[in-house]
Structure formats: C-alpha cells, structure tokens
Amino acid sequence: MLILDRIYYQYNRNLVLDGVSLSLAPGQILCLTGPSGCGKTTVMRIAAGLICPNSGVVNNKFTGTGYVFQEPRLLPWRTTQENLAFGLQAQGISQSKRDRYSQELAQQLGLEPVLHYYPHQLSGGMQQRVALGRALAINPDLLLLDEPFKGLDVGRRREFQEMLLRLLRDRNLAACIISHDLAEAVRLGDRILVMSPSPSRIVHQWQSSLSPTARDEAYIYRELSQLLSLNQVSRCFRLNNISSHPKFIKNNF
Amino acid sequence: MNSTLWSKNLLHSLKPILPELVGLGGFLLSWQLGAMHYGSVVLPSPRETAIAIWRLATTGKLGDALLTTSFHLLVAFTLAVLLGTVLGILAGIKLWFKKAISPIITALQGIPPIAWIVLTLLWFGTGNAVPIFTITVATLPIMFLGAVEAIETFPTPLLEMANLFRTPRNMLLRELYFPHLFTYIFPSLLAGLGLSWRVAVMAELLSSETGIGAELNLARINLDTDEVMAWIAIVVCSIWVSEYLLLRPLRRRLEPWRHSQIPVNIK
C-alpha cells in the first residue's frame, strides 16, 4: 500500500502541490493525469522518496519500488544487458546470475537482438524498454512510471502499453503511471486522478468498472467523453479556458 | 596471377587507413620535392634523413636519447595529470576553490614555457629538473581545465537513477564517475601529450646535456642538417607511437561504447 496524505510542497516560494492525497493498493494501476506542468512528476518524485514534501505524510508499505523516468537514463558506456542488470549489480548479485536474469528479461521485453548493443545504437523506444526492464529486474511490487510512452508513435505506443499491461498482470504489480493523455489513462488505469495546475490539486477521481483487457474502444470513448463533459476535468484540459485564467487576464488586459 | 592477387589483398587490407596513407604520402612527396630544389645542406631528403636515423640507432645514440626524454616525459606527464586532475576535480566540486585557483591557472597558461626554462635554469642549473618542472607546469592547466569540465558536466540524472537503486559507493565510482571523467579527460590527455613533447625538446635543448633536445642542439652546432632532420623525425614518430599505439588503444579498451572519431592532436 502506498499512501500520500495531504502533501504540500513548495519550490522557490511557489506552492507546487496544494494538499495532494492518494492511495494505491497492491496490484492496482493508478493513472495520474493532467496538463503539462501540473505537478504530476513532483507527486511521483515524492512517492519515490527523491524529494521531501514540506508537509504531509508519505507511507510506502511496498517492499520494492521501481522507477521509470521520463528519459531512459541509461549508462551510455554499458550494453543493454549490463544496463538491465544495473539494479542487481547494486545489490551485489553475482555476474552469472545477473546475466541469466537479464537474458530472461530481454526475452520478455523483446530486447534479445540488442542485448550487446550500447544505448546510442538503440531507438528511443528500445531505450525506454531497457529502462523498464532495469526497473523490473529488482523484482519490485510497485512500479512508478513517469510518461513512459513519451516520444513513441501511435503504433509503438499501443505495443508498449500492451506489453506493460501484460508484465504488470503477470507479476501482479501495483503501478502509478503519469500521462498527460486522458484517453491513455482511461485505457490503462484502474483508477484515474485528474490534477489541475497552479496550484496543483486533485480535482477528480475516476474508477473503471472493467479490467484493462476487457475495455474496448467504445468503452474508452464513452468514458472519455463523460470525463470531459465534467466541468472540473475539461477546465484542466481545454485550451479555450486559458482566457479566463487569472494570470492571462492580468497579462493581457 | 599470383602477384596480382597478393597486391589485391594488400590493397584491401590497407583500405581502412587509406586517408592517412594519402596524407602521409603527400607530405613525403612535397618534402622530397623541397629537398631536390634547395639541396641537402638546407633540406635533407627523406632518404638522407632515414639514413641518419639508422646511423643514430646503430651507434646507440638514439636509444640513450629516447630513454632520457621518455623519462622526463613520464615523470612530468604523470605529475601534471595527477595534479591537474585532482585540482580540477576539487575546483569542479567547490566553486569557491575554482574561483580561488582560476587566476593562477590562467597565469600558468599565459607564461610561455621558455620563460619557465630561463627561470628554472637559474633555480636548478642543468639536469633533469628543468625539463621535468617545465613540462609539468606547461601541461597542468590543460589537465586542470579538462577535469573541471568533467565535473561540471556530470550527469546528475544518472546519479539520481543510481541512488534509487541504492548503488554502493565503490560501484558509483566504477560505473559512473570514472567513465564520465575519463570521457572528458581523454582529449586533454592527447592535447597534453603533444604539448609535453614540444616542451620537452625545447627544455632539453636549452638546459640538458642528454635527451633528444640536447642531441638536436649538438647536431645544430656541428651543422649536421641530416641529423637535425633525423631528430625532428624521431620526435614526430614518437608522438605518433604514443598516440596511436598507446593512448588510442587505451581509449578503445576503456571506452568500447564510443565509436565517434576524435580529432588528431598533432600540431
């Protein structure tokens, strides 16, 4: 169980998070969504313990937490195999065990042909898969993913999403996925939290009645249009509402 | 039939270094033309130079001089690399230290090596101390600046990633700090080595009785142009050897991930 309770966070005297609370149960997929700059990454970094909130409680009862950053963050001087095994190496696991395990992972992630390639030889999507594999290698029970599908074209995006869902189900992992794409969130999440910017608050919660694999396109579009018809959600995502934003009015009139 | 096959094989094996061979060939050709035009007293031909090198090698002069100069270089270059890198790392970590030491480094960079030679001749007299000191002082700023750059460009996102995995300190050093540092320090190593050779010859020429520079001076006094040319050629060959047979293979071994070409640093 991961619980964030009334998190406040200030950066350079600006209030970034204004009392954000969330909880994530084992095996559940939570999508954190909202427009760019609404503090999604900050929530994730606080959950991972990378930064401390100014006030509020972070309670992470999961035994192992894996983190996939927005950028792959691979070691440029190490091959796919060595990058996959980075976390295992940090735990002091022997070379032969590491090799065996990273080969297994590569098979599950379709990385076998590039096992001995260096990151600069891989495409962006491949690099992101290596980063996902590296996070999975340490056998976490919670996976935090910050915009994992960024920079992928539509086809690769779907392919990667399906692979991720399969891996999460097979390993019975809890996951928190950041996405600024509401449709993607409806496709993947058991639960969605919609965040609004400046100051960042959770303005809406959505719960799916179906498991991710049981959702068809019709279901996704129906739920999406229902979500967007809600005032508090559309205000976050719709551009034409910018004109009523206090900052916009102050700067332009 | 057999000979054409043989020459084909040779051509094939030389193909990867063709640009280098063309450059070298052009250089030798213009040297030969110059020698034919000005006469061997002013500019000895490549062949006469080669004969002179052979003579120096067989009389043992070459070995002695190379040994002495290599000794000067090894001691001074190691000192410069260690000192420069350590100071550079400190300056990269502590802004205060960087601000404090920067004027000194700039001054060191600005002082011509010849000034150091004059000064150290007064301090130490003739001997090994002058070339060693001068090479160290001349090369140190290059190593220092390389190390500062390395620390300032350190990829903190990678460090954050590594810390999430609770990476132990020694593994951080081995997997993160050293590879990154080496990437930035290597070009400085090349530049520093070229500079070291030039300064070494100059310092020996003016202050020593042994070493390549001293032999070069002796050849000048004897008006033996063949031998002067021979010593110059030996210096150039030594730089090639140290760069292509020592430093570059070292880099390939330590950085197999890097395929990009790095600029050749012989001036």
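Let's start with contacts in chain A. Take the contacts with a separation of 6 or more. Residues 24 or more positions apart account for 71% of them. Keep in mind that this is a predicted model.

What does chain A contain? It has 10 helices and 9 strands. Its C-alpha trace spans about 65 × 45 × 35 Å along the principal axes. Now, the radius of gyration. Chain A has 253 residues, so a compact globule would come out near 18 Å. Chain A has 19 Å, which agrees. As for burial, 41% of the 253 residues count as buried.

Next, the core. The largest nonpolar core holds 69 residues. Which of them touch the most other members? They are A:Cys31, A:Leu32, A:Ala47, A:Leu144, A:Ala175, A:Cys176 and A:Ile177. Helix H5 of chain A, residues 124-137, supplies the largest share of this core, with 7 residues.

Pick out A:Cys31 on the screen. Set aside its neighbours within four places in sequence. A:Cys31 is then in contact with A:Ile177, A:Ser179, A:Ala185, A:Leu188, A:Gly189 and A:Ile192. One of those partners, A:Ile177, is also on the list of residues that touch the most other core members.

There is a second, separate core. This one has 49 residues, including B:Ala52, B:Ala65, B:Ile135 and B:Leu190.

That brings us to where the chains touch. How many residues does each chain give to the contact? Chain B gives 14, and chain A gives 14. On the side of chain B, two elements give two or more residues: helix H8, 156-164, and helix H9, 169-207. H8(B) gives the most, with 5 residues. What about residue classes? That side of chain B has 9 nonpolar, 1 polar and 4 charged residues.

Last stop, helix H5 of chain B.

Where does H5(B) kink? The kink lies at B:Ile101, and its angle is about 40°.

Is H5(B) well covered or hardly covered? Hardly covered. Among its 16 residues, the count of buried ones is 1.

One general point while a helix is on the screen. An α-helix has 3.6 residues a turn, so residues three or four places apart point the same way.

Notes: Residues numbered from 1 in each chain as written. Chains lettered and ligands numbered in written order. Predicted model: local features only at pLDDT ≥ 70, side-chain atom pairs only at ≥ 80, totals over all residues. Bend = angle between axes of the 7 residues up to and from the residue. Helix = DSSP H or I, 4+ residues; strand = E, 2+ residues; numbered from the N terminus. Buried ≥ 20, exposed ≤ 12 C-beta atoms within 10 Å, placed from the backbone. Contact = placed C-beta atoms within 7 Å. Nonpolar A, V, L, I, M, F, W, Y, C, P; charged D, E, K, R; others polar. Rg over C-alpha atoms; globule rule 2.2 N^0.38 Å. Core = buried A, V, L, I, M, F, W, Y, C linked by C-beta atoms within 7 Å.
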